[in-house]
Amino acid sequence: MGPGPSDVPARVLEALSRPTIGHLDPIFLRVLDESQAMLRQVFGTENALTLPMSATGSAGMETCFANLLEAGDQALICRHGVFGGRMAEVARRCGAEVTIVDAPWGQAIDPDELAKAAKKRPFKVVAIVHAETSTGVLQDLGPFRAIADSCGALLLVDAVTSLAGVPVDVDRMGIDAVYSATQKCISCPPGLSPVSFSERALRVLLTRKTPVQSWYFDLNLIGQYFGGERVYHHTAPVNMIFALHEALRLVLEEGLEARYTRHRAQANSLRQGLESLGLELPVAESSRLPPLTLVRIPEGVDDRAVRTKLLEDHGLEIGGGLGDFKGKAWRIGLMGASATSRHVELCLGALEEALR
Ligand SMILES: *Cc1c(COP(=O)(O)O)cnc(C)c1O
């Protein structure tokens, strides 16, 4: 119950252990095509360029920035936690000039402040973390498409912790480039990063003046394997794709709406339980992220001692605080298969005992 990985269902582990076959085997290619189709459903997009990158969520971040930015480009990046800061660093390493809009830790980005920054000059990209796993804040993406349009930018979104846990709705929200990871609300082991590019983002990629700096993450090259041609680029991580395929089947068998409702309901019951233990939730109710709850550590309680006790006595992991919340808050995850009443009850019981 930390900030990921979440529990992996037996069906997904079983898929992971199937015999390894070739990455050009027709059976594997069918599994790959079906996985892409299911990813489009979960992202809420018709984007042809929707595929799992062969590495963890941070690789999806690198993929989006490296393919869209060239040296000297302007990027406007929202930072309200660790992952917004990481986006800025990745964009800088692509040679972009980065403008940052900050919000205090534990708060959402103020769209008016972003809109003001967007008036200063044209930007190539506006980037925002949808679900800040470092703080437990869910950003309302409603105003972002219009803000990106006001400065001529593509809208780039980190949906690592939101995908399959809260609605992302890529096409409806007008998102141009988005990335996620398998080990959070999809409940698959870590190792793949689903990404999706809109037609508009694809055009920017195809009209670059310079080659994508990263050979491994170059979507021009990778697209030739995922598209019809099946040109060898790198060996697809066959068993991880089997696992992702099964995890996505589980997501769609449950149904997206039912899954979002389950995450909300379990998060509400965890929060009620934490408050009745006298614990304080620093994030305002309106921006709380169902898959991850930030809870303040009471005065005089030893952060490490409590977390060690939960792990040793109950085999239960929760996350420590980061940034401004280091040593001051815990992060409790309810992601995918870990968002159940059994998890909530285990966590509340174990915390109560440890605090006592
Ligand atoms: C976990 C996470 C990442 C990084 O993913 P890795 O799989 O650890 O590389 C990026 N952004 C957010 C919001 C995350 O929660």
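**Entry 1: the start of the chain.** I take helices to be DSSP runs of H or I with at least four residues, numbered from the N terminus. The model I am examining is predicted. With that numbering, I placed proline 5 in the segment before helix 1 (10–16). I then looked up the bond that joins glycine 4 and proline 5, and I recorded a cis peptide bond with an omega of about 5°. I noted for comparison that most peptide bonds are trans.

**Entry 2: a backbone angle.** I next looked up alanine 164, which is in the loop between strand 7 (154–158) and strand 8 (177–179). Its phi is positive, about 75°, although alanine 164 is not a glycine. Most residues other than glycine have a negative phi.

**Entry 3: the ligand.** Which residues come nearest to the ligand? Of the 13 residues around it, I listed Thr56, Ser58, Thr133, Asp158 and Lys184 as the nearest. I then looked up individual atom pairs. Aspartate 158 has a polar side-chain atom 2.7 Å from a nitrogen atom of the ligand. For lysine 184, a polar side-chain atom lies 2.7 Å from an oxygen atom of the ligand. Glycine 57 takes part through its backbone: one of its N or O atoms lies 2.9 Å from an oxygen atom of the ligand.

**Entry 4: helix 2 and helix 9.** Two packed helices are described by the angle between their axes and the distance between the axes. I looked up both values for helix 2 (residues 26–43) and helix 9 (residues 238–254): the axes come within 9 Å and cross at roughly 40°. Helix 2 is therefore oblique to helix 9. The crossing is left-handed. On the helix 2 side, the contact includes Phe28, Val31, Leu32 and Met38, and on the helix 9 side it includes Ile241, Phe242, Leu248 and Leu252. I recorded the residues of this contact as 13 nonpolar, three polar and two charged.

**Entry 5: helix 10 and helix 12.** How are helix 10 and helix 12 oriented, roughly parallel or roughly antiparallel? The axes of helix 10 (residues 256–276) and helix 12 (residues 341–355) are 10 Å apart, and the angle is about 15°. Angles under 35 degrees count as roughly parallel, so helix 10 is roughly parallel to helix 12. I recorded their crossing as right-handed. Helix 10 contributes Gln266, Ser269, Leu270, Gly273 and Leu274 to the contact, while helix 12 contributes Ser341, Val344, Cys347, Leu348 and Leu351. I noted six nonpolar and four polar residues in this contact, and no charged ones.

Methods. Residues are numbered from 1 along each chain as its sequence is written. This is a predicted model: local features need pLDDT of at least 70, side-chain atom pairs count only at pLDDT 80 or more; totals for chains, interfaces and linings use all residues. Side-chain values use heavy atoms; hydrogens and water are left out. Axes are lines fitted to C-alpha atoms, for helices over the stretch in contact, and angles run from 0 to 180 degrees between N-to-C directions. Helices (H or I, at least four residues) and strands (E, at least two) are DSSP runs, numbered from the N terminus. Angles under 35 degrees count as roughly parallel, over 145 as roughly antiparallel, 65 to 115 as roughly perpendicular and the rest as oblique. A crossing is left-handed if the near helix is turned anticlockwise from the far one by less than a right angle, and right-handed if clockwise. Contact means heavy atoms within 4.5 Å. Ala, Val, Leu, Ile, Met, Phe, Trp, Tyr, Cys and Pro count as nonpolar, Asp, Glu, Lys and Arg as charged, and the others, Gly among them, as polar. A residue is near a molecule or strand if one of its heavy atoms lies within 4 Å of it. A polar contact is a pair of N or O atoms within 3.5 Å; within protein, one must be able to donate a hydrogen and the other to accept it, and residues adjacent in sequence count only if both atoms are side-chain atoms.
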